[in-house]
Every structure is written in C-alpha cells, then in structure tokens.
Amino acid sequence: VYGAGVVRLRAHFWGALAALCELTIVFLTIDELLTYTDNFSSSSSSFVMDCNRVGFALSYVFTRLALFPISLYYIARDLYALPPENRRELGHFEILVYPSAYVAVFLLSLAWAKPIFAESRRIIRQRVLATAPAAKTA
C-alpha cells in the first residue's frame with residue numbers, strides 16, 4: 001500500500017496514512033534490542049523497558065486502535081462521494097487492495113499486540129508483588 005501510490009501515481013495520502021500506523025514498530029524494535037542486550041544494569045534496564053512499554057501502549061492506542069478504523073471510514077466516505085467518472089480512474093487496485101490491506105494489517109496488529117500486552121501486564125504484576133512485601137515490612 002505504501003509504495004503503490006507512488007508507482008501508480010494515485011492515492012498517496014492513504015499510503016502515507018497507513019505508514020503512520022507503523023510508529024509502534026519503533027518501540028517493538030527497542031524492546032527487542034534491550035531484551036537481547038546485556039549492557040544494561042537491571043535497574044536502568046527495567047526503567048528503560050518500562051518507559052518503552054508505555055510508549056508502545058500509547059502509540060498502539062493512537063496509531064493502531066484509533067487511526068486504522070478512522071482511515072477506513074474516510075476511505076469509504078471518499079469512495080462513496082467520488083463522482084463516477086473519477087472512480088473509473090482509480091481502478092480495482094485502489095478500490096479493493098487499499099481497504100483490504102488496512103483491514104488485514106489491523107487484524108494482524110490486534111493478534112500480535114495481545115501477547116505483548118499480556119507480557120507487560122505480567123511483568124508489572126511481578127514488580128508490584130516484589131515491592132509490596134518490602135513496603136509492608138518497612
């Protein structure tokens with residue numbers, strides 16, 4: 001979808017909007033790098049990982065959960081409002097593939113994010129339980 005607008009010289013905006021949804025990949029890459037790097041001390045690593053998880057969660061909500069459905073709505077609205085003579089210029093690729101790619105990536109991102117959020121919840125729960133007895137004895 002991203003490069004198709006450049007190649008076909010149409011619908012650049014929708015490809016660029018779909019690319020904005022990939023902001024979450026930055027946080028996933030940082031997570032992978034920090035997970036497999038031994039150069040961080042445990043305290044600084046956990047702080048950086050926590051900040052990264054918060055960044056992932058926020059970017060996921062804004063770019064995946066909000067932006068994908070909004071984009072699909074505006075694509076449908078634009079296609080519906082498009083005059084028939086302009087709709088003929090688009091072709092099947094823009095009319096079928098763009099929305100289908102949005103839906104496919106949205107569904108995949110929902111499936112991929114579920115284990116990531118579950119792991120983050122587990123880690124946060126462990127940290128809360130680990131610090132809770134120390135707070136009670138102090």
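## Salt bridges

Arg 77 and Asp 78 form a salt bridge in which the closest N and O atoms are 3.8 Å apart, the term being used for a side-chain nitrogen of Lys or Arg within 4 Å of a carboxyl oxygen of Asp or Glu. This is a predicted model, in which local features need pLDDT of at least 70 and side-chain atom pairs count only at pLDDT 80 or more, while totals for chains, interfaces and linings use all residues. Residues are numbered from 1 along each chain as its sequence is written, and side-chain values use heavy atoms, with hydrogens and water left out. Arg 77 counts as partly exposed at 43% relative accessibility, and Asp 78 counts as partly exposed at 33%; here buried means under 20% relative accessible area, exposed means over 50%, and partly exposed lies in between (1.4 Å probe, protein chains only).

A search of the whole structure finds three salt bridges. In one of them the side chains of Glu 22 and Arg 64 meet at 3.1 Å, N to O. Because Glu 22 lies in the loop between α2 and α3 whereas Arg 64 lies in helix α4, this pair ties together parts that are 42 residues apart in sequence; helices (H or I, at least four residues) and strands (E, at least two) are DSSP runs, numbered from the N terminus. Glu 22 is partly exposed, with 25% relative accessibility, whereas Arg 64 is buried at 5%. Arg 53 also forms a salt bridge, with Asp 50, and the closest N and O atoms of that pair are 4.0 Å apart. Arg 53 and Asp 50 are three residues apart in helix α4, and so are separated by about one helical turn. Within this pair Arg 53 is buried, with a relative accessible area of 18%, and Asp 50 is partly exposed at 29% relative accessibility.

## The nonpolar core

The largest nonpolar core has twelve residues in all, among them Trp 14, Leu 17, Cys 21, Phe 68, Leu 90, Tyr 98 and Phe 106. Such a core is a set of buried Ala, Val, Leu, Ile, Met, Phe, Trp, Tyr and Cys residues joined through side-chain atoms within 4.5 Å. Two or more residues of this core come from each of α2 (12-20), α4 and α6, and α4 gives the most, with four residues.

## Aromatic pairs

A pair of aromatic rings is described by the distance of the centres and the angle of the planes. Rings of Phe, Tyr and Trp (its six-membered ring) pair if their centres lie within 6.5 Å, and planes under 30 degrees apart count as stacked, over 60 as edge-to-face and the rest as tilted. By this rule the count comes to six aromatic pairs. In one of these, the ring centres of Phe 56 and Tyr 60 are 5.7 Å apart and the planes stand at 35°, so the pair is tilted. Phe 56 and Tyr 60 are four residues apart in helix α4, and so are separated by about one helical turn. Phe 56 is buried at 6% relative accessibility, as is Tyr 60 at 5%.

Phe 68 and Phe 106 form an edge-to-face pair, with 5.8 Å from centre to centre and 65° between the planes. Since Phe 68 lies in helix α4 and Phe 106 in helix α6, the pair ties together parts that are 38 residues apart in sequence. Both Phe 68 and Phe 106 are buried. Elsewhere, ring pairs link Phe 56, Tyr 60 and Phe 117 into a cluster.

Thr 24 is placed in helix α3 (residues 24-35) and counts as buried at 1% relative accessibility. When neighbours within four places in sequence are left aside, Thr 24 is in contact (heavy atoms within 4.5 Å) with Phe 56, Ser 59, Tyr 60, Thr 63 and Arg 64.

Val 26 is likewise found in helix α3, but counts as partly exposed at 45% relative accessibility. The C-alpha atoms of Val 26 and Ser 59 are 9.7 Å apart in space, while the two residues are 33 residues apart in sequence.

## A nonpolar surface patch

Val 54, Leu 58, Val 61, Phe 62, Leu 65, Val 103, Leu 107 and Leu 110 make a nonpolar surface patch of about 700 Å². Patches are made of residues with over 30% relative accessible area and no salt bridge, like charges being joined within 9 Å and nonpolar side chains (Val, Leu, Ile, Met, Phe, Trp, Tyr) within 5 Å. At least two residues of the patch are supplied by each of α4 (42-81) and α6 (92-137), and α4 gives the most, with five residues. Val 61 lies in helix α4 and counts as partly exposed at 40% relative accessibility.

Key. Areas by Shrake-Rupley, 256 points an atom, 1.4 Å probe, with all protein chains shown as cover.
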